[in-house]
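Trainee: Could we go through this model together? I would like to begin with the metal site.

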Amino acid sequence: MNFRLIIVRDATVSSCPKCGTVGSLDRRKSKNRFESIFARIIRRKSYHCRECKWDGKLFAYRISRNWKSIVVNYIFLIIALLIILTALIILSKSIGSP
Ligand SMILES: [Zn+2]
């Protein structure tokens, strides 16, 4: 079962958000110290597109492409845990009662 809902990836290998060219993004260095620390915490980095001259910031985190099946996995896991918990409560009650 796959439980990786959020994926960390390098935007330099992904497509440009404006023109859609794959592998056209260059990483830019942060302008000041505050920005670099802030960017490190939230993993948001500055990028520049060589094709369309797009400048902007992209999150290193992205939601998995097959997030629906992962959500279903989580629901199954929660249901399984609830069944186990219910069984444990029933068992403890039957043991505890005289
Ligand atoms: Zn572009």
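Trainee: How are the donor residues of the zinc ion spaced in sequence?

Mentor: They follow the pattern C-x2-C-x29-C-x2-C. C19 sits in the loop between β1 (6–8) and β2 (25–27), and C52 in the loop between β3 (44–49) and β4 (55–59), so this pair ties together parts 33 residues apart in sequence. Strands are DSSP runs of E, at least two residues, numbered from the N terminus. As for the basis, this is a predicted model in which local features need pLDDT of at least 70, side-chain atom pairs count only at pLDDT 80 or more, and totals for chains, interfaces and linings use all residues. Residues are numbered from 1 along each chain as its sequence is written, and side-chain values use heavy atoms, with hydrogens and water left out.

Trainee: Which atoms are the protein donors of the zinc ion?

Mentor: The SG atoms of C16, C19, C49 and C52, lying 2.2 to 2.3 Å from the ion. Donors are N, O and S atoms within 2.8 Å of the metal (3.2 Å for Na, K and Ca); water is not among the atoms, so sites may look incomplete.

Trainee: What arrangement do the 4 donor atoms make?

Mentor: It is tetrahedral, because the angles they subtend are 106 to 115°; the criterion for four donors is that all angles lie between 85 and 135 degrees.

Trainee: Changing topic, is C16 buried or exposed?

Mentor: C16 is buried, at 3% relative accessibility. Buried means under 20% relative accessible area, exposed over 50%, and partly exposed in between (1.4 Å probe, protein chains only). C52, at 24%, is partly exposed.

Key. Tetrahedral: all angles 85-135°; square planar, octahedral: opposite > 155°, others 65-115°. Helix = DSSP H or I, 4+ residues; strand = E, 2+ residues; numbered from the N terminus.
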